[in-house]
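Student: I'd like to learn how to read a model like this one. Could you walk me through it?

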Amino acid sequence: MNYEIIVVGGGHAGCEAALASARLGHETLLITGNKKNIADMPCNPSIGGPAKGIIVREIDALGGEMANTIDHSCLQVKMLNTKKGPAVRALRAQADKITYPKVMLATLENQENLTILEAMVEDLMVEEEKIRGVILSNGEKIASQAVILTTGTYLKATVLRGSSKTTSGPHGEKPSQHLSDNLKKIGFTIQRLKTGTPPRIEKSTIDYSKASLEPGDNIGYTFSFDNEPLYKVDDQIPCHLIYTTPETHKIILDNLEKSSMYGGYVEGIGPRYCPSIEDKIVRFKDKERHQLFLEPESIYYDDIYIQGFSTSMPEDIQEQMVHSLPGMEHAKILKYAYAIEYDAIDPLQLKQSLETKLIDNLYTAGQINGTSGYEEAAGQGLMAGINASLKLEGREPLILKRNEAYIGVLIDDLVTKGTKEPYRMLTSRAEYRLLLRHDNADLRLRDYGREVGLITDEKYKKFVAKKEAIQQLKSTLQQIKLTPTEEVNRELIALNSAPLSDGITLYDLLKRTEITLDKLQKYLPESYSKEVEEQVEIQIKYEGYIKKANREAEKMLDLEKLKIPEDIDYQQVHNLASEALQKLSAVRPSTIAQASRISGVNPADISILMIYLKKEHKL
Amino acid sequence: MNDTIAAISTAQGVGAISIIRVSGSDAFSIVNKVFTGKDLTNVPSHTIHYGKIVDQTEVIDEVLVSVMKAPKTFTREDIVEINCHGGIASTNKVLELILRNGARLAEAGEFTKRAFLNGRIDLTEAESIMDLISSKTEASRKVAIKGLTGHISHLIRSLRQEILELLASIEVNIDYPEYEDAVEMTNDKVAPAIQSIKTKLHHIIEESENGRILTSGIKTVIIGKPNVGKSSILNRLLDEDKAIVTAIEGTTRDTVEGQITIKGVALNLIDTAGIHETEDLVEKIGVDKSLRLIEEADLVILVLNQNEKLSAEDRKILSVCQNKKTIVVLNKSDLEKRIEEEEIPYSEIIHTNTLDENGVEPLKEKISELFHLEQLQSQDDSYLSNIRQISLTKEALSILEEVTVGVQQEVPVDMIEIDIKRAWEKLGEIIGETYTEELIDQLFSQFCLGK
């Protein structure tokens with residue numbers, strides 16, 4: 001078999017990469033250490049949340065698979081931040097850890113042009129700085145034109161519990177022991193990162209009377225723009241909330257030195273935003289209790305995941321800790337918590353397309369690039385799959401800008417700023433987040449997905465119809481004008497809205513905080529879908545703010561147009577501060593905008609760089 | 001390498017010594033050509049040498065020259081500074097000679113521009129030095145020096161920190177909606193925080209407007225009908241301060257007719273051209289131009305003859321001056337009072353006779369009072385010292401006004417936060433901590449870079 005693209009790793013990044021490449025017509029091989037672990041969720045049993053949920057929508061808009069898969073496997077769904085503005089709303093679903101991988105595996109197996117192979121990749125075939133294929137642990141060579149590495153935590157993975165250190169992946173499988181050394185030989189900078197996961201408890205041994213109920217929303221939602229809710233609102237599985245006790249804190253403080261982290265057994269750098277329970281207790285001494293969410297992992301088995309209780313304590317201390325929690329006095333631990341260390345590359349060695357700067361046609365995505373999270377991995381996997389395909393077709397890469405997608409922010413941050421800890425997407429990382437909403441991911445990205453070739457005719461037709469309906473409803477609202485009749489004013493007063501003295505279009509009336517589209521229904525000649533109405537209402541109500549965000553984005557886009565020549569020699573740019581010189585030489589930004597986002601490169605350096613480029617007639 | 005530039009770097013006409021600065025790769029050889037004494041191309045760096053500047057055989061001045069080699073100089077280029085002792089005429093002659101021998105006359109601020117471009121100083125420092133160069137009085141020099149030592153940065157940084165903390169507390173609710181310990185930031189909680197920041201910005205702007213007056217002086221226009229005594233006021237003001245009068249016509253942008261110093265602050269009498277000949281400003285330059293002048297001025301001195309009733313013209317000018325700091329001089333107090341004083345809507349009214357020797361004293365007192373000049377001298381507060389900084393601060397303030405409006409309209413807090421962030425970034429621009437195209441635009445226009 002002649003493979004065009006090989007994807008190494010079957011996690012969330014690998015699945016999206018392999019599907020994108022196969023769907024774009026490229027003969028694709030997905031190599032995984034264990035087929036059972038394809039699309040596995042080794043940590044929290046949920047998908048989405050602030051920012052992350054929007055990434056899932058973006059994946060769907062571009063033609064990826066994660067949204068559809070979670071729609072088919074959710075136990076509970078919530079829309080978060082509903083009390084705030086539309087820009088920060090995001091979906092989060094509790095996923096069934098059995099169903100999700102099953103649905104994804106079926107999709108992969110049914111995909112044309114895609115072959116799955118169980119094997120371990122230990123080396124790469126490289127000739128003249130171009131990738132030629134991979135070498136398996138048994139020495140077998142498989143040739144290809146492009147390779148996408150999505151190795152997750154499996155590069156030299158080590159599982160830690162207290163002082164015990166085991167060479168293994170999250171489920172006790174063999175990790176790849178040589179691939180990261182071989183990457184290092186090629187010239188990649190390897191860094192050691194760390195993450196962790198809490199213990200799993202047997203559901204029947206928990207006394208839920210001491211916990212409060214956390215149910216799903218009573219409205220049905222979907223992540224995908226093309227699905228109807230596939231679950232019954234009343235049949236959702238609830239989560240529960242409990243708190244740590246003073247006893248829990250005492251056990252942890254008394255045994256702090258026994259944890260891998262405080263005992264000094266960990267080399268890797270862990271994420272600040274996802275601290276272990278011992279970290280939380282040490283850093284926030286004054287806090288009397290911490291929230292813990294009890295989340296079901298599946299309807300097919302009994303494991304309950306204690307969100308917020310990640311630890312690297314030895315097993316006997318974990319027993320004590322768990323038993324100190326309310327309702328867990330007699331709880332049985334099915335799987336102990338652990339910390340895991342793994343190798344990752346320095347993402348500064350990547351282009352915006354996720355192709356490595358060192359080796360042509362070699363791409364990387366997911367945790368190997370220093371991120372954490374299923375959604376972040378899937379977003380990168382999709383982009384790597386798309387861009388590897390486009391490269392083979394001789395087309396320009398698809399690079400999403402910071403004002404177009406969280407995925408764009410994610411990749412730009414990685415390749416511009418690098419990361420020293422596992423990177424998690426947050427809404428605050430997106431400076432144009434009002435433009436990057438949950439509701440408009442399709443309007444932002446579906447045309448790109450179509451152009452690339454991942455959106456079917458049927459889906460695209462549906463999308464175009466929605467766009468047209470939005471336009472139509474907006475212009476209708478602009479055309480219909482209310483006059484200050486007694487009846488109109490009576491109705492307005494009833495809605496707590498100021499009566500009219502002059503005529504007003506429905507469009508302008510909708511800008512009032514207290515007026516919603518469903519209150520104007522009687523004036524409209526026809527009705528529209530909920531989605532269309534929501535979109536129109538957001539666009540009109542927040543028009544002023546959206547315009548402001550667009551103006552800010554345009555300033556950035558102007559700088560984005562100022563390209564820096566690829567062959568620039570920063571040594572020739574006199575008077576750059578030495579830190580700026582070093583950072584610019586390492587990152588080699590493609591535009592002035594990107595250069596200005598590099599930390600340590602300050603405005604004076606940018607001015608000097610622009611003056612240099614102007615002087616050299618390169619700008 | 002840059003060409004060699006030269007200019008008189010001390011204020012014209014003030015002080016006994018003038019310094020000519022020459023900077024660039026040919027600085028040593030150019031000065032050496034006209035200098036008798038040691039061979040300047042062959043002396044150690046940062047040394048001072050006595051000698052004469054000669055043109056052919058004619059000795060122009062006895063001088064001390066400082067020789068400083070790159071890169072440890074202000075511009076990071078070779079620099080020679082010539083200390084001339086012979087007064088303005090001979091200093092000009094020395095400069096002329098240097099220019100004839102291969103240097104080019106530096107544009108205003110060009111030394112600073114080179115220092116900036118060669119990485120010697122950053123943008124904030126560059127601006128402060130620009131102010132230092134154009135500062136004409138001791139008081140304004142102090143303001144400029146404060147800018148240099150980082151007072152501006154400190155002031156703005158602490159405000160930005162305050163805003164940043166507010167931003168963070170809003171963001172945490174968004175990214176961690178189920179986290180119970182963070183206080184839910186609602187508009188009700190944001191509003192007072194914003195109000196407090198706005199008050200501080202207001203204060204800074206107010207102080208800074210005063211600071212600007214210290215650096216650039218008070219733009220003053222004297223206005224009134226013919227024969228009311230405008231020129232006698234002007235002449236008395238100028239007479240009394242002859243030592244510091246610099247009546248150089250058409251040399252500055254504001255066409256300053258004359259400049260006097262009151263309590264250390266410059267009073268720039270702007271565009272009173274023609275006042276000497278016809279005494280008829282309004283007639284000569286037309287009402288439109290008078291209005292424009294009033295618009296630009298920091299201070300309007302309206303001179304009226306108290307012996308005459310208010311004319312339509314007077315009333316018009318009175319109404320235009322509503323929003324300006326205005327002093328009304330009711331002149332000719334020796335004559336019978338016919339003017340309807342009660343119809344003049346200002347409290348700052350002076351009765352005087354400017355033909356008297358001490359006739360303008362009450363006017364000077366009034367000016368000092370109006371601009372709090374006494375306080376201005378004694379206060380030790382920090383303020384922003386140039387127009388770019390002040391206007392960025394004003395922009396930040398007006399963005400925060402939008403926040404207040406948003407709060408009133410019950411816009412969701414995460415949208416309001418977008419404006420708070422913009423205000424934070426605006427303040428960052430002052431100290432060069434955020435980057436936008438405007439900063440570069442400003443840079444290129446202020447330093448006239450490019451081809």
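Student: How many helices and strands does chain A have?

Tutor: Chain A has 19 helices and 23 strands. Helices (H or I, at least four residues) and strands (E, at least two) are DSSP runs, numbered from the N terminus. Keep in mind that this is a predicted model: local features need pLDDT of at least 70, side-chain atom pairs count only at pLDDT 80 or more, and totals for chains, interfaces and linings use all residues. Residues are numbered from 1 along each chain as its sequence is written, while chains are lettered from A and ligands numbered from 1 in the order in which they are written.

Student: And how compact is chain A?

Tutor: The radius of gyration is taken over C-alpha atoms, and the globule rule is 2.2 Å times the number of residues to the power 0.38. For the 619 residues of chain A the rule gives 25 Å and the model has 26 Å, which is close, so chain A is as compact as a globular protein of that length. Its C-alpha trace spans about 80 × 70 × 50 Å along the principal axes.

Student: Which domains is chain A split into?

Tutor: Domain bounds come from an automatic or database domain assignment. Here that gives domain 1 (5–195 + 342–452), domain 2 (200–338), domain 3 (458–546) and domain 4 (562–615).

Student: How many residues of domain 1 and domain 4 of chain A are in contact?

Tutor: A contact means C-beta atoms, placed from the backbone, within 7 Å. By that test, 4 residues of domain 1 of chain A touch 8 residues of domain 4 of chain A. The C-alpha centres of these two domains lie 30 Å apart.

Student: How do I read a sheet?

Tutor: Strands of a sheet pair through backbone hydrogen bonds, either parallel or antiparallel. The cut-off for pairing is at least two DSSP bridges between two strands. In chain A, an open sheet of 6 strands runs 15-16-17-18-14-19, with antiparallel pairing. Strand 15 (212–214) and strand 19 (333–335) of chain A are its edges, each pairing on one side only.

Student: What joins strand 16 to strand 17 of chain A?

Tutor: 4 bridges link strand 16 (residues 239–243) of chain A to the antiparallel strand 17 (residues 291–296) of chain A. Tyr243(A) sits opposite Gln291(A) of strand 17.

Student: What about confidence?

Tutor: pLDDT is the predictor's confidence in each residue, from 0 to 100. Chain B averages 74, with 71% of the residues scoring at least 70. Residues 271–285 of chain B stay under 50, and the model has 32 contacts for them beyond four places in sequence. For the complex, the predictor gives an ipTM of 0.84 and a pTM of 0.76.

Conventions: Two residues are in contact if their C-beta atoms, placed from the backbone, lie within 7 Å.
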